[in-house]
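We'll walk through it one piece at a time.

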Amino acid sequence: MSILQAIELLKNQKWVDLSHSVSAEIPYFPAFKPIQSKVLFTVEKDGFLASEYTIVSQYGTHLDAPVHFSVGKRMLDEIPVDEFVLPLIVIHREKEVAEDHDYRLTVEDILAFEAEYGQIPAGSFVAFASGWSERWHDVNRFYNKDENGQAHTPGWSLEALAFLHEKRHIAAIGHETLDTDSALDFVKNNDLVGERYWLSQNKFQVEVLSNLAELPATGGAIFIGVPKIKGAPGFNARVFAVIPA
């Protein structure tokens, strides 16, 4: 099959946008600030429209480069472009998360997935579909804090991440929440141990994905678009999946 034929094949499949739109009103990591924008030139006055944006590297749907948590690992511009198109595996745990907001995706979840769909291929992108992106337009529900201010959000277990890296040799992971770890694990460990582990393997992740519930468990591909900013620890990303029509 030629490249042009492959493009034609892809165009006839279903395309799903996995990125949230960015604005100052969206949920964000509490140590950061919302995006700021300023119109510099207008068509009416200057003949063209141009704006200036001030945005933290980890904002909205974004890619975390390994250097984000691990000194000496790959920066955003050092990730080769062939890693931005990957086979897509989606582990659906929306029902479980709806019943337990502190849900942690485990090795047992992965093995149960493989019992149904087969072993996860090396080099894949594995996404944890929690259904959390449905809360996106309600900031309080997305943060999900109790009366004591403690957040309750799902995440990956450290054991699951180690299994995917050491036993399945996957390329990258993704999830719908702001962090890799569950909120309670962060409190327990006083650190994002899952995120730190994953990025220290010199592998990247994509956070705050959307619309994972629309995707099949297997058979799709993920495409990730990011700017090539020298030395960046990550950046906002436009991410989409192509799945069988």
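This is a predicted model: local features need pLDDT of at least 70, side-chain atom pairs count only at pLDDT 80 or more; totals for chains, interfaces and linings use all residues.

Residues are numbered from 1 along each chain as its sequence is written, and side-chain values use heavy atoms, with hydrogens and water left out.

Let's start with the rings. A search of the whole structure turns up nine aromatic pairs, where rings of Phe, Tyr and Trp (its six-membered ring) pair if their centres lie within 6.5 Å, with planes under 30 degrees apart called stacked, over 60 edge-to-face and the rest tilted. Take Phe113 and Tyr117: their ring centres are 4.8 Å apart and their planes sit at 35°, so this pair is tilted. Both belong to helix 4 (residues 107–117), four residues apart, which puts about one helical turn between them. Helices here are DSSP runs of H or I with at least four residues, strands are runs of E with at least two, and both are numbered from the N terminus. Phe113 is buried at 6% relative accessibility, whereas Tyr117 is partly exposed at 42%. The cut-offs are under 20% relative accessible area for buried, over 50% for exposed and in between for partly exposed (1.4 Å probe, protein chains only). Elsewhere, Trp15, Phe223 and Phe240 form one aromatic cluster.

Now, what does helix 4 pack against? Helix 6 (residues 158–166) is a partner, with the axes 8 Å apart and at an angle of about 50°. That makes helix 4 oblique to helix 6; angles under 35 degrees count as roughly parallel, over 145 as roughly antiparallel, 65 to 115 as roughly perpendicular and the rest as oblique. The axes are lines fitted to C-alpha atoms, for helices over the stretch in contact, and angles run from 0 to 180 degrees between N-to-C directions. Helix 4 brings Val107, Ile110 and Leu111 to the contact, and helix 6 brings Glu159, Ala160, Phe163 and Leu164. Contact means heavy atoms within 4.5 Å.

Next come two buried strand residues. Ala129 sits in strand 7 (residues 125–129) and is buried at 0% relative accessibility. Leaving aside residues up to four places away in sequence, Ala129 touches several others, including His92, Arg93 and Glu176. His175 lies in strand 9 (residues 172–175) and is buried at 1%.

Finally, have a look at the backbone. Most residues other than glycine have a negative phi. Asn202, which follows helix 8, has a positive phi near 65°. Asn144 has a positive phi of about 55°; this residue is in the loop between helix 5 (139–143) and strand 8 (155–156), and is buried with a relative accessible area of 15%. His169 also has a positive phi of about 55°. The loop between helix 6 and strand 9 holds His169, which is partly exposed at 49%.
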